[in-house]
Structures are given as structure tokens and as C-alpha cells.
Amino acid sequence: MNTRPYEYLLAISENGSLSKTAQALGISQPTLSNFLSGTERQMGHALFERSGRVLIPTEAGLIYLDTCRRILEVISQTYHAIASLEDRYREVFTVGVTPYRGSQVFSEIFPEFYHKFPVIKIDLVEGYMGAMWGDQTTNSRITKSFLARNDITPTVVYESNNALLINGMLRAGIGVGFLPASFCLPGQERVYFSITPPLRSLVGVFFSKDHVLTKAQRYFIYLITRLQAKSSQNGSTYLNETAKKILREFEKG
């Protein structure tokens, strides 16, 4: 099944320019430009408009891009369903994620992963990281250390390892609290204060030291790393040598 037209349009939206997209796809810019012009003629609507040097989707483009994503997802799910019926999975691996951010990240990379590896099955296990959240854990010690250094003795109303719950309590006006930066969005009728220097904890992809990653697993890590780099507030993400190697492998390919 030819899915390249959908992939090309989504890549243009993701990269914001024809030159960057052509380079990423490994095709010439005139070829990509002709493809876009032909698609827009066929649709009878412009799908992108130029804002400075950046291409941004038009209203018609947003509708069409959403359809492209859905088509690719349906195709991936179709291959996945057929493989499961015939028990033709070539590989199965388990991924543990947190209920909020981990699951959110997984849902964002899921379609692209299964488009490339339709016969690879991922068993998803949700759960909180016991070493990261809750009383006497890393995040708890970081926060309490900050309060102690600044001579702050708060009245603790509630402690939880569920950031969604804390977020909901703050939205209801119950006191003040600490939230990850990803929760601090505009238009929520709340006041945010940034801590300087910021409190940080390392979140990443972890696997057994003696485990040899398969190509599918490396691609899974690549998608997560790429997504994290794009969503990073300061535009940078720490990468160790293994992550850098994986990134180079798939950026080239």
C-alpha cells in the first residue's frame, strides 16, 4: 500500500519547510514541491501557507493532515490485527510507562512505530516509578531539600505520586503545590512561579545493562528521544552515547 503521499504531507507539517523536508526524506526539493502543488490542485485548496520562512497548514490543510494521520494509523492497526490473527509477531517486548506522561508519549509515537514495524508487538505496562515519586523518594527529597534551604516550612495538606491528582486539586483552588513544567499551561486561570535554579530530575529510557537492543527497540527509543527533544522547553535534551548512536542511525536512514 502506497503511504508516501500521507508521509510526505505530515513531514512537511513537521519540518515547516520544503528544503528541510526534502533533506529528511532523501528526495529533491523540486520533486517535493511538485508533489505538494499536484496534491493541492487535486484537492482544490491550499494545504499550506507561508509565514516568513515557515510553512504552516491552512484550515483545509489541518483537516487533511488529520486524515493522513488517521489513515496511517488504520493501516498500521490493520497489519497489526492480521499479524495477531496469524500469530506472526516477529518480536514482542514489554515497555513500562507512567500513567500520565509515559502513556501520552507512547500514544504519540505509536502510529509511526507500527507503520515501520507492523509485526512487532509491544506489551504496555502502566505504573508509577517507585524510585521517583512519593514520600522519601527522589522527587520528594529534591522538593524537601529546596524548602529546607530556603527556610520554608509549609503546611502539607496532601502528598501524592499522581501529578494529575495534584493538578486537579490546584485547579480547584486547594492551596499551592509543585507541578512539572509540562502541566503549567496558559489559559488555566492560575498563577505560576518558576524556581531559580529549577528543580530537575532525570527521566529517560532504561533497559537492562546486558540487554542487546533489537532494531525495533532502537527505533522505539529513537522516536521517544526525537519527541522529547522537540518538546524540551530550552530546545535541548541530554543524550548519552547510546542515545546519540541510535539518533544518528535513524536520522541517516
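Me: What are helices here, and how are they numbered?
Reply: Helices are DSSP runs of H or I with at least four residues, numbered from the N terminus. The model itself is predicted.

Me: Where is Tyr 158 found, then?
Reply: Tyr 158 sits in the loop that runs between helix H6 (138–149) and helix H7 (163–171).

Me: Is Tyr 158 buried, partly exposed or exposed?
Reply: Tyr 158 has a relative accessible area of 47%, so it is partly exposed; that class lies between the 20% and 50% cut-offs.

Me: Which residues form the nonpolar patch on the surface?
Reply: Tyr 158 forms the patch with Val 157, Leu 165 and Ile 174, and together they have about 390 Å² of accessible area.

Me: Changing topic: what is the volume of the second largest pocket?
Reply: The volume of that pocket is about 1,500 Å³.

Me: How many residues line it, and which lie nearest its centre?
Reply: The lining has 32 residues; Ala 11, Glu 14, Glu 112, Tyr 219 and Arg 226 lie nearest the centre. By class, 13 are nonpolar, six polar and 13 charged.

Me: Which helix gives the largest share of that lining?
Reply: H1 does, with eight residues. Helices that each supply at least two residues include H1 (4–15), H2 (18–25) and H4 (59–85).

Me: Does Ala 22 count as buried or exposed?
Reply: Ala 22 is buried because its relative accessibility is 3%, and buried means under 20%.

How values were computed
Residues are numbered from 1 along each chain as its sequence is written. This is a predicted model: local features need pLDDT of at least 70, side-chain atom pairs count only at pLDDT 80 or more; totals for chains, interfaces and linings use all residues. Side-chain values use heavy atoms; hydrogens and water are left out. On a 1 Å grid over the protein atoms alone, a cavity is a set of points where a 1.4 Å probe fits but cannot get out, and a pocket is an open set with protein on both sides within 12 Å along at least five of seven lines; lining residues have an atom within 4 Å of a point. Grid points are joined across faces, edges and corners, and a volume is the space filled by probe spheres set on the points. Ala, Val, Leu, Ile, Met, Phe, Trp, Tyr, Cys and Pro count as nonpolar, Asp, Glu, Lys and Arg as charged, and the others, Gly among them, as polar. Patches are made of residues with over 30% relative accessible area and no salt bridge: like charges are joined within 9 Å, nonpolar side chains (Val, Leu, Ile, Met, Phe, Trp, Tyr) within 5 Å. Accessible areas come from the Shrake-Rupley method with a 1.4 Å probe; for residues, only the protein chains shown count as cover. A salt bridge is a side-chain nitrogen of Lys or Arg within 4 Å of a carboxyl oxygen of Asp or Glu. Buried means under 20% relative accessible area, exposed over 50%, partly exposed in between (1.4 Å probe, protein chains only).
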